[in-house]
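Please look over the sequence and the model before reading on.

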Amino acid sequence: MPSPHYVTTSGGQIRIWVDGEGPTLVAVAGLTRAASAQAADLCRALPSWRVVVLEPPGVGGSARTVPTSVEHSASLIAESLAFLDNQFALLSFELSCALVPSLLERLAPASTVLVNADAARGWVDTRTVPPRLSPRADGAHLNALWSFLRDRRLLRPDEPTLPVTSGDPLPTTHDLSASFIDAVTAPETFEACWRMYAEQLVPALDALAALPRANALSEIPDLLGAGPHPSAAAPPPTAPLPGTDVWHQYLDTALGRVHLRRAGSSGSPVLVLPTGGGSSAQFAPVLSGLAENRTVVGVDYFGNGLSDALDRIPTVVTLADDAFAVADAFGWDTFDVWGSHTGACAALEMAISRPERIRKAILEAPVMVTPEFRDDLLTNYFPDFSPDKFGLHLQHIWHWRRDMFMFWPWYLVDHSAARAIGVPSADELHLYAVGILQSGSTYGGAYRAAFAYGTQDRLPHLRVPAILTAGPNDMLANALEDAAALVPDGLLRTVPTPTTIWWPDPDPEAAAVTLKVYQDFLS
């Protein structure tokens with residue numbers, strides 16, 4: 001299967017998918033199909049080729065690299081391909097064909113084929129554009145985008161009231177979900193890219209009239225022929241972004257491929273372990289806040305975010321082992337660990353099981369609940385979010401995550417369960433929803449592990465300097481009082497903090513005070 005990799009350019013990071021051996025085929029994915037799925041299809045259709053598929057700036061793993069023009073997008077793509085010589089064939093899919101004239105000014109591929117350019121021309125001719133995709137408080141923008149993408153795969157581009165009757169197979173629900181996740185990562189940027197590429201498509205196709213075109217995957221092998229000579233160049237190691245900016249990396253560990261968010265690239269290492277149930281995206285303030293003189297690495301647990309999903313039921317012990325596998329892959333003998341909720345439980349287990357490797361631990365509100373409450377949480381907390389072909393799961397995810405900010409636990413809609421922290425903005429809720437969508441059916445694994453963990457029983461075994469913190473409105477702030485009498489020898493200090501800095505829109509002064517608590521302890 002194709003493997004993902006980030007290439008860092010002067011304008012941000014571009015994600016590529018690579019697999020196979022032989023002559024190199026570079027493909028620029030379009031906007032209606034996930035690059036991962038496109039790469040898998042190309043590998044099956046062209047087994048004797050090495051396939052490299054790029055996600056265009058503004059989409060999927062390239063979403064934080066925002067293009068300002070077609071030319072700018074092409075320049076970033078060309079920069080991301082600097083590790084290759086010109087002995088490759090180039091494919092460009094549907095609306096990304098608008099980039100090809102600018103790409104050919106910067107690259108000299110051995111051959112170039114336009115794929116589904118006729119479909120893209122049909123969208124332009126029928127003025128087919130996405131709806132406005134700014135995040136809405138009710139989450140309706142998710143459903144609008146799902147329907148838009150589904151229709152582009154089911155309806156004729158030249159007559160968008162009729163279903164297509166030929167061409168590539170119609171999408172499965174899994175395929176739609178993967179494509180939707182790429183597009184929804186930055187929905188407003190996706191919308192802007194669609195309009196920008198559509199505006200330039202017709203003049204681009206006129207300029208490229210002599211190039212061969214394919215309207216189905218089956219036509220591509222004959223148009224490519226034998227291919228140029230093989231190129232053995234591998235993608236360069238992912239380079240950091242400057243300063244304390246958050247950047248992304250995939251890391252191969254002994255257990256599987258893990259997706260990381262990082263900040264800083266020098267100084268002593270700190271491993272950041274997030275809450276369960278999504279990605280580490282919302283922990284960017286922790287990453288950048290600790291990165292002034294440190295190497296800070298935030299983890300997507302296996303089965304969460306963009307990390308591999310392993311065939312297992314995780315426990316806090318396995319989460320701790322997973323984190324040590326990350327440290328081993330980096331070659332860290334000793335390091336600090338910062339964890340929140342699920343991450344605090346995993347950090348505690350790390351400090352207990354291998355204290356010689358953990359220098360200091362920050363435990364933010366580890367799960368400490370009664371057995372009765374634990375059983376209730378494990379029974380009711382985790383809905384089934386399996387993708388639905390009509391996108392019905394999207395509202396379920398959105399309002400599940402929204403209700404967490406109104407009630408604890410979220411399923412107890414009662415005055416007694418109300419929380420006084422405020423419903424986040426639509427943009428913030430969107431970030432949480434994307435993390436759940438990326439995690440898929442395994443979203444609840446790490447979360448469940450934390451609820452089932454015996455924090456109270458394990459705390460007395462702590463032998464590493466640690467602080468246990470919690471903001472005043474954290475639903476697990478009871479850990480401050482409950483933990484105080486459980487750890488001997490003064491190794492653990494309980495430190496109330498004025499806010500939770502990774503929650504949406506914390507008070508800036510309170511966030512600065514909280515961050516200083518972390519920094520002073522680690523120093």
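In what order do the 7 strands of the open sheet stand? The order is β1-β2-β4-β3-β5-β6-β7, and the pairing is mixed.

## Basis of the description

The model is predicted: local features need pLDDT of at least 70 and side-chain atom pairs count only at pLDDT 80 or more, while totals for chains, interfaces and linings use all residues. Residues are numbered from 1 along each chain as its sequence is written, and side-chain values use heavy atoms, with hydrogens and water left out.

Helices (H or I, at least four residues) and strands (E, at least two) are DSSP runs, numbered from the N terminus.

Two strands count as paired if DSSP finds at least two bridges between them.

Strand β4 (residues 50-54) is joined to strand β2 (residues 12-19) by 4 bridges, and these two run antiparallel. In that pairing Val18 stands opposite Val52 of β4. Strand β3 (residues 24-28) is joined to β4 by 5 bridges, and this pair runs parallel. Thr24 is opposite Arg50 in β4, and Ala27 has Val53 as its bridge partner.

Of the 5 residues of β4, 5 are buried, where buried means under 20% relative accessible area, exposed means over 50%, and partly exposed lies in between (1.4 Å probe, protein chains only). In a regular strand, side chains alternate between the two faces of the sheet. For β4 both faces are covered, with Arg50, Val52 and Leu54 on one side and Val51 and Val53 on the other. Helix α2 (residues 70-80) lies across β1, β2, β3 and β4, and runs at about 110° to β1. Such angles run from 0 to 180 degrees between N-to-C directions, and axes are lines fitted to C-alpha atoms, for helices over the stretch in contact.

## Helix α4

In helix α4 (residues 117-125), the buried residues include Ala117, Ala120, Gly122 and Trp123. Among the elements that cover the buried residues of α4 are β6 (111-115), α5 (140-154), α7 (187-207) and β7 (213-214). Arg127 follows α4 and has a positive phi, near 55°.

## Helix pairs

Where do helix α13 (residues 393-404) and helix α14 (residues 426-439) stand relative to each other? Their axes come within 9 Å and cross at roughly 120°. The two helices are therefore oblique to each other; angles under 35 degrees count as roughly parallel, over 145 as roughly antiparallel, 65 to 115 as roughly perpendicular and the rest as oblique. The contact (heavy atoms within 4.5 Å) has residues including Ile397, Trp398 and Trp400 in α13, and Leu429, Tyr432 and Ile436 in α14. By class, the contact of α13 with α14 holds 10 nonpolar, 2 polar and 2 charged residues. Here Ala, Val, Leu, Ile, Met, Phe, Trp, Tyr, Cys and Pro count as nonpolar, Asp, Glu, Lys and Arg as charged, and the others, Gly among them, as polar.

α12 (371-380) and helix α15 (residues 445-452) pack at about 165°, with axes 9 Å apart. This makes α12 roughly antiparallel to α15. Arg374, Leu377 and Leu378 in α12 meet Arg448, Phe451 and Ala452 in α15. That contact has 4 nonpolar, no polar and 2 charged residues.

Strand β12 (residues 335-340) and β13 are joined by 5 bridges and run parallel. Trp338 has Ile362 in β13 as its bridge partner. Because 6 of the 7 residues of β13 are buried, β13 is largely enclosed by the rest of the structure.

Met368 is in the loop between β13 (358-364) and α12, and counts as buried at 3% relative accessibility. Leaving aside residues up to four places away in sequence, Met368 touches Thr455, Gln456, Leu459, Asn478, Ala479, Asp482, Ala483 and Leu486.

## Backbone features in loops

His341 is not a glycine, yet has a positive phi of about 55°. His341 lies in the loop between β12 and α11 (342-353) and, at 7% relative accessibility, is buried. Asp505 also has a positive phi, near 50°. The loop between β15 (492-496) and α18 (508-522) holds Asp505, which is exposed at 61% relative accessibility.

The peptide bond from Trp408 to Pro409 is cis, with omega near -10°. Pro409 is in the loop between α13 and α14.
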